[in-house]
Amino acid sequence: MWRPIQHLKRRHCVVTSKAFLPGLCVHRWRSSSSSSESFVGHDGLYPGHIPTTPIQKALLAVGSGVAALQDPYRHDMVAVLGETTGRLALIRLRDRMRDDPEGSAVLTERPRIRLSTLDLTKMAALPDGSFGREYLRFLEENNVTPDSRADVRFVDEEELAYVMQRYREVHDLLHTLLGMPTNMLGEVAVKWFEAAQTGLPMCALGAVLGPLRLNASRLQALLTALGPWALQSGRQSRCVLSLFYERRWEQSIDELRRELNIQPPPLDLAGKT
């Protein structure tokens, strides 16, 4: 039975150490209504952008990296790390999207994956096995919402900022496509896929450090089965940011996996923590 996903209201604060970068803490109340904000038409900038110098970016990268190492669940710090270290990878991703007709349409139209842009009633009525129904099932079973993704702040080119935002909002879709839950093993497997697919330094860091938090049996599962599958899938798959997912909810998830060249996962992690 479909249950409406509750709208979340969170206080997002990009926190940096005042010892090395004072005054760069941004407080902002955000709810699902913020999805009306658009990247389109802001002449190279976008709502919420914080301009920073190369030195400030380096300091932010170091500070957020240290914080993320101490607590991998500090998603705000992981977000800052990604924005301050990912420019070259974002350029490559943007170019791959431009070279793909569907990806080019995504870059032109700038869709957002938010609760306010999803027709949850329609998605709940889709048949089992459809991509939209399986994505909604993922949100319900893992008690997550697309509105929890932080807004981009420190990327200084508007188009690249959108690519980073799209990557964040596609993350849960990748969980659905890869059949990975949100437990630690599932998250690490997705990070291995994303590292091979995107080249983003923060994904590579998560792929390297994530296994350190796994127990022996889960580490063995990662190294012998899930890891090789995730890396191969990430390398051989079509650019996952180039899909206009909003137009594919009715498509069979198995058909979509074949189109992307993603094999089904070698292990079923459902119910495993």
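Reader: What covers the buried residues of H11?

Author: In this predicted model, the buried residues of H11 are Ile253, Leu256, Arg257 and Leu260. Looking down the axis of H11, those residues fall within an arc of 100°, so they line one face of the helix. The cover over them includes H6, H7 and helix H10 (216-236).

Reader: Glu134 is in helix H6. Is Glu134 buried or exposed?

Author: Let's go by the cut-off: buried means under 20% relative accessible area. Glu134 comes in at 19% relative accessibility, so it counts as buried.

Reader: Which residue caps the N-terminal end of H11?

Author: Look for a side-chain oxygen that lies 3.2 Å from the backbone nitrogen of Asp254. That oxygen belongs to Ser252.

Reader: What is the phi of the residue that follows H11?

Author: Most residues other than glycine have a negative phi. H11 is followed by Asn261, which is partly exposed, with a relative accessible area of 34%. Asn261 is not a glycine, yet its phi is positive, at about 70°.

Reader: Asn143 has a positive phi too. Is Asn143 buried or exposed?

Author: Asn143 sits in the loop between helix H6 (131-142) and helix H7 (158-178), and its phi is about 55°. The cut-off for exposed is over 50%. With 71% relative accessibility, Asn143 counts as exposed.

Notes: Residues are numbered from 1 along each chain as its sequence is written. This is a predicted model: local features need pLDDT of at least 70, side-chain atom pairs count only at pLDDT 80 or more; totals for chains, interfaces and linings use all residues. Side-chain values use heavy atoms; hydrogens and water are left out. Helices (H or I, at least four residues) and strands (E, at least two) are DSSP runs, numbered from the N terminus. Buried means under 20% relative accessible area, exposed over 50%, partly exposed in between (1.4 Å probe, protein chains only). The arc is that of the directions from the helix axis to the C-beta atoms. Contact means heavy atoms within 4.5 Å. A polar contact is a pair of N or O atoms within 3.5 Å; within protein, one must be able to donate a hydrogen and the other to accept it, and residues adjacent in sequence count only if both atoms are side-chain atoms.
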